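Please read them with the coordinates open.

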Amino acid sequence: MTEIFKFTVLGAVQAKQSAKFRNTGKFIQSYQPSKVINYANWVKQCFVQAFPNHDPMIFEGKMLAIKTVAFFEIPQSKSKKYKELARTGKIRPTKKPDTDNIAKNIKDALNKIAFPDDSQIVTEIIEKWYADTPRAEIYIKEIS
């Protein structure tokens, strides 16, 4: 059986955003908001803490699958009934961020940390759920 690398990133999930631009005099500079960069660094740190001796080159030339399960905090303004339905998975988040932007930030963060290049990912599953504790659970495995 193929080993599955599973780790959790506690805290609110931050999706990759479109580049922002600022005028610096003669030039226009693009940048990502600091909360996006900070979240990507947190993802890296969580992976390294979970797998301190991991060598991403073990995946060189391999096909990979990644599953990201994003858990969003249940809005406090909602009714008790809504909250219970959300906890049991009968109601799921349908608002932003989009699943593809969530995955993009996480895959970019794990590039050269968990695997040599995110282009090796040939299967991807992204899910959004509600939970009392916001977090992302990430699973990576080699496809044989």
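1. Lysine 112 is exposed, because its relative accessibility is 58% (exposed means over 50% relative accessible area, buried under 20%, partly exposed in between, with a 1.4 Å probe and protein chains only). Lysine 112 sits in the loop between H3 and S5. Although lysine 112 is not a glycine, its phi is positive, at about 70 degrees.

2. On conventions: this is a predicted model, in which local features need pLDDT of at least 70 and side-chain atom pairs count only at pLDDT 80 or more, while totals for chains, interfaces and linings use all residues. Residues are numbered from 1 along each chain as its sequence is written, and side-chain values use heavy atoms, with hydrogens and water left out.

3. The chain has three helices and six strands; helices (H or I, at least four residues) and strands (E, at least two) are DSSP runs, numbered from the N terminus. Along the sequence their pattern is β-β-β-α-β-α-α-β-β. The C-alpha atoms fill a box of roughly 55 × 50 × 25 Å, taken along the principal axes. Of the 144 residues in the chain, 37% are buried. Among contacts (heavy atoms within 4.5 Å) with a separation of 6 or more, 81% come from residues 24 or more positions apart.

4. Four strands form an open sheet in the order S1-S6-S4-S5, and the pairing is mixed. Strands count as paired if DSSP finds at least two bridges between them. S1 and S5 are the edge strands, each pairing on one side only. From one strand to the next, the twist averages 15 degrees; angles here run from 0 to 180 degrees between N-to-C directions, and axes are lines fitted to C-alpha atoms, for helices over the stretch in contact.

5. The individual pairings are as follows. Strand S1 (residues 4-10) is antiparallel to strand S6 (residues 135-143), with seven bridges. S4 and S6 are also joined in the antiparallel sense, by nine bridges. S4 and S5, in contrast, run parallel and share 10 bridges. As background, strands of a sheet pair through backbone hydrogen bonds, either parallel or antiparallel.

6. Which residue in S6 is the bridge partner of threonine 68? The partner is isoleucine 138, and isoleucine 138 is also the bridge partner of phenylalanine 7. Threonine 68 belongs to strand S4 (residues 63-73), and in S5 it stands opposite isoleucine 126. Threonine 68 counts as buried because its relative accessibility is 2%. Not counting residues up to four places away in sequence, threonine 68 touches Ile102, Ile106, Ile125, Ile126, Glu127, Glu137 and Ile138.

7. H3 lies across S1, S4, S5 and S6 and runs at about 120 degrees to S5.

8. Helix H1 (residues 34-50) and helix H3 (residues 99-110) also meet each other: their axes come within 9 Å and cross at roughly 55 degrees. H1 and H3 are therefore oblique to each other (under 35 degrees is roughly parallel, over 145 roughly antiparallel, 65 to 115 roughly perpendicular and the rest oblique). Val36, Tyr39, Ala40, Val43, Lys44 and Phe47 in H1 make contact with Asn105, Ile106, Ala109 and Leu110 in H3. By class, this contact of H1 with H3 has eight nonpolar, one polar and one charged residues; Ala, Val, Leu, Ile, Met, Phe, Trp, Tyr, Cys and Pro count as nonpolar, Asp, Glu, Lys and Arg as charged, and the others, Gly among them, as polar.

9. Is aspartate 118 buried or exposed? Aspartate 118 is buried, because its relative accessible area is 18%. The residue lies in the loop between H3 and strand S5 (121-131). Aspartate 118 touches Lys104, Lys107, Asp108 and Asn111, not counting residues up to four places away in sequence.

10. Lysine 96 and proline 97 are joined by a cis peptide bond, with omega about 10 degrees. Proline 97 is in the loop between helix H2 (80-87) and H3.
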